[in-house]
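Me: I would like to go through this model feature by feature, with the general idea given before each case.

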Amino acid sequence: ERLEIAQTKISKLPSEFSGLLYLKELNLSQTKITNLPPQFKALNQLKSLDLSHTNISKLPSEVCKLKHLETLDFRGTKVVHLSKQVIQLRQLEHLFVGSDDYSVNARVTLPDGIRHLRFLKTLVTVDLSRCSTSVVHELSEIRELKELAMVWSSDEQSLDRKYVECLLSSLRSLHCLTCLTILGHYGCSMEFLHSLKNPPSLLQSLKITGTLSKVPDWITQLKDLCYIQVKVCKFGDDELIVLGKLQNLQYLKLGLEFLPEKEMVIRTEGFPSLERFSVDCRVLWLLFDKGAMPLLTTLELKFCSGQVNHNAIPIVGIQHLQRLNHVILRYSTLYDNVPGVKATVDTMKNAIRNHLYPIKLVINGIEDDLEANVLRQHACTTQIKCDGDSKIESEIKEQREDARQQGNPCILLL
């Protein structure tokens, strides 16, 4: 019932392949396949077809004859437009196209009539800014949709007020949506999202790679949020308080598009469930209060410069993160010799050395041997102490032996 041909050099399926009448799952991912034979449509029991990362350039008409197909994966292919034939797959639940970044391969458009795929639960990743207004409106009729990933660009259509309102209206109607991803190129404005007002209340994951002026106010309504990725031009105490009140938030990934004028203080209140905290900012200036982020295990920091001023310490309070066990530092190797970058790295290393528990430090993908050095230092200290204790014990034994010979009871008490 299941056949795996993934990661092979196969470039063509033989016509005899149609004889696998009871095949339900077929994985052709990462092969050299460019098309499918006409006989492929005979596999009418097929429920899952993976053609990701192949040389397919358009949706094969044979696929659209598979009436029982539930999962179709075209990610990482040359397909840039889904033909209207796709709406024949009325049982389709999971449709994967495009890619998970803002690239040419991610910019796949949908045909009119997408509303007929009413059982669709997953739609990843489509370029809605290049789809017609009618297609965007039809999304609101796919009531069971749980995961949506879309590409948004700052072209004329995406700036059209009626078009944007149509998109926002559709998003508000997706009451089952739990995962929303909106991809944008560097500097792409996502300001229209401030007008969403009433987002899908069941959202658990929100990823926005374009730029916002600030964290949207409506984010406080999302009580089930576990993951947030957002890039903003303004972030201060008020935004920290807002995000800190999200009781189920486990992973926060912040991109800060500005130079901080003061340190970001992570206070005791808030972030009760946060396990991973990621900050991407040109200059780091963080302070963790005692009791801040009590469940944090992973801290990821990306930067490219040093302190805001010579008196600023880039990272303070690491010792207060009692469960921290993994620190990741990322910066361009072009800045290796920048004094501020060195100071930031040295500050973190010193903080880890002085932490109560061992912490793994990874710098630009390479694990630092800091922990090994700490362990070696601890071993040397222990050995010196043991050697010292042995010497003291030897001296006491000698004194006792002398005492016995001299009959001195005071020394014998030792």
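Me: Is Q7 buried or exposed?

Reply: Buried means under 20% relative accessible area, exposed over 50%, and partly exposed in between, with a 1.4 Å probe and protein chains only. Q7 has a relative accessible area of 62%, so Q7 is exposed. This is a predicted model, in which local features need pLDDT of at least 70, side-chain atom pairs count only at pLDDT 80 or more, and totals for chains, interfaces and linings use all residues. Residues are numbered from 1 along each chain as its sequence is written, and side-chain values use heavy atoms, with hydrogens and water left out.

Me: Which residues does S29 contact, apart from its neighbours within four places in sequence?

Reply: Contact means heavy atoms within 4.5 Å. S29 is in contact with A6, Q7, D50, S52, H53 and T54, leaving aside those neighbours. S29 is placed in the loop between strand 2 (25–27) and strand 3 (48–50), and counts as buried because its relative accessibility is 8%.

Me: What is the phi of M293, and is M293 buried or exposed?

Reply: M293 is not a glycine, yet has a positive phi of about 40°. Its relative accessibility is 1%, so M293 counts as buried. The loop that holds M293 runs between strand 14 (286–288) and strand 15.

Me: Which peptide bond is cis?

Reply: The bond from V124 to T125 is cis, with omega near -10°. T125 belongs to strand 6 (residues 122–127).

Me: How many residues are in the largest nonpolar core?

Reply: A nonpolar core is a set of buried Ala, Val, Leu, Ile, Met, Phe, Trp, Tyr and Cys residues joined through side-chain atoms within 4.5 Å. The largest one here has 112 residues, and F40, L72, L243, F277 and M348 have the most contacts inside it. Helix 3 (residues 161–173) gives the most to this core, with 6 residues. Leaving aside neighbours within four places in sequence, M348 touches L299, L301, I315, I318, V327, L329 and L361.

Me: Why does the span of helix 5 agree with its number of residues?

Reply: The expected span of a helix is 1.5 Å times one less than its number of residues. Helix 5 (residues 339–353) has 15 residues and should span 21 Å; its end C-alpha atoms are 21 Å apart, so the two agree. Among the buried residues of helix 5 are V341, T344, V345 and M348. An α-helix has 3.6 residues a turn, so residues three or four places apart point the same way.

Me: Which residues lie nearest the centre of the largest pocket?

Reply: On a 1 Å grid over the protein atoms alone, a pocket is an open set of points where a 1.4 Å probe fits, with protein on both sides within 12 Å along at least five of seven lines; lining residues have an atom within 4 Å of a point. The largest pocket is lined by 25 residues, and K231, G255, E257, D280 and K302 lie nearest its centre. Strand 9 (205–212) and strand 10 (227–232) are among the elements that give two or more residues to this lining.

Technical notes
Helices (H or I, at least four residues) and strands (E, at least two) are DSSP runs, numbered from the N terminus.
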